[in-house]
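Visitor: Please put the model on screen, and then let us talk through it together.

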Amino acid sequence: MTSTAPLVAVAGGTSKQGRSVVRTLLADGRFRVRALTRDPSSPQARELARLGADVAAAPLEPGHDDEWFAAFTGARNAFLVTPPTPPENSCEFELGCRLADAAVRAGVEHIVFSTLENVDEISGGKLFAPHFTDKAKVADHIRGLGVPHTFVMLAFFYTNLLEYYVPRMDGDTLLMPIYLPEDFRAPFVDPLTATGPAVLEILSNPAHYQGRTMPVVGEMISPREMVETFQRVTGMKAEYRNAYTRGGLLQYFPQFAENPLLVEELLGMVSHAVEHGYFDASLDLDWSRKVNPDMLAWESFLRRTGWRGQQVSFGA
């Protein structure tokens, strides 16, 4: 890599998606990478620096516009991801808009933004899912900035089951509370390995992807199939448990009841997927597997991680 290689700024550089983008672009060798992060001294940030990233202190929090502008200065491209914020005081829309504005002011020529569907619009206001809707509104804002742009849209994360919807043992059986109906097939993906190859493809062919939304999917799979695969890979006994309905969710995760709006949001997100489809029907759900044949399905994710039902923290 030379000093004349195009610089890509990655906002949220130590997030799951951000780390994937930084690692993939550095491994490709055609790009320089600047990773924006809250804490350059964190283990995740130090690892990215070791790999060759320029790590800049620029937290994804309101009030850091000057740091964002400085970090975007000199970058030809930017990958933007916004962190979910508490639904009762969500600032994700404002944060995403100001982040994109800073990138444009700094002279970034192409923005790739990780978005989701507008659940409020699709459901006619019946479902509450600001984590999705705010990202969709940020995408609309970016469309109006007059800068070339592409959107990626990631499926449900496999890692949700390791980090947030953690199973528990009951005797010799692992009970797996999953946030979808047992036989409903939904799109899932590993953000830690899938995001980077998708963004690399877009940055390698920017004119082809101008203005487009590209879904990133590892596999269409049902909770029943996930549990059966888990048993086959690990040799452990496991059973599905319902965390899709309000009663099921609070039975297995009673701590969520402390935040009623969070419960509404969790139910809204999954109800959107079941009632309307996670992705717009016009999107090519095979695209990411075509450009990345090494995309992890649930079985390969389990074999790669060695997960056996324990809670895992992925840091940020």
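Visitor: Where is the place of Gly309?
Guide: This is a predicted model, in which local features need pLDDT of at least 70 and side-chain atom pairs count only at pLDDT 80 or more, while totals for chains, interfaces and linings use all residues. Residues are numbered from 1 along each chain as its sequence is written, and side-chain values use heavy atoms, with hydrogens and water left out. Helices (H or I, at least four residues) and strands (E, at least two) are DSSP runs numbered from the N terminus. On that basis, Gly309 belongs to the segment after α14 (298-305).

Visitor: Does Gly309 count as buried or exposed, and which residues is it in contact with?
Guide: Buried means under 20% relative accessible area, exposed over 50%, and partly exposed in between (1.4 Å probe, protein chains only). Gly309 has 9% relative accessibility, so it counts as buried. Contact means heavy atoms within 4.5 Å; leaving aside neighbours within four places in sequence, Gly309 is in contact with Val166, Pro167, Leu174 and Phe230.

Visitor: How many Å apart in space are Gly309 and Met176?
Guide: In sequence, Gly309 and Met176 are 133 residues apart. From C-alpha to C-alpha, their distance in space is 8.3 Å.

Visitor: Met176 is in β9; why is β9 described as largely enclosed?
Guide: In a regular strand the side chains alternate between the two faces of the sheet. Here Thr173, Leu175 and Pro177 point one way from β9, with Leu174, Met176 and Ile178 pointing the other way. β9 (residues 173-178) is largely enclosed by the rest of the structure because the number of its six residues that are buried is six.

Visitor: Which strands are joined to β9 by bridges?
Guide: Two strands pair if DSSP finds at least two bridges between them. Three bridges link the antiparallel strands β8 (residues 168-170) and β9, where Met169 has Leu174 as its bridge partner, and in the turn of this hairpin Gly171 has a positive phi of about 65 degrees. A parallel pairing of six bridges joins β9 to β13 (residues 237-242), with Ile178 opposite Asn242. The strands you asked for are β8 and β13.

Visitor: What volume does the largest pocket have?
Guide: On a 1 Å grid over the protein atoms alone, a pocket is an open set of points where a 1.4 Å probe fits, with protein on both sides within 12 Å along at least five of seven lines, and lining residues have an atom within 4 Å of a point. Of the 49 lining residues, Lys16, Pro83, Pro84, His131 and Tyr164 are the closest to the centre, while α12 (260-276) gives the most to the lining, with five residues. The volume, taken as the space filled by probe spheres set on the points, which are joined across faces, edges and corners, is about 1,300 Å³.

Visitor: Which helix gives the most to the lining of the second largest pocket?
Guide: This pocket holds about 260 Å³ of space. Its lining has 16 residues, with Leu116, Glu117, Asn118, Arg143 and Met153 nearest the centre. Four residues of the lining come from the helix that gives the most, α6.
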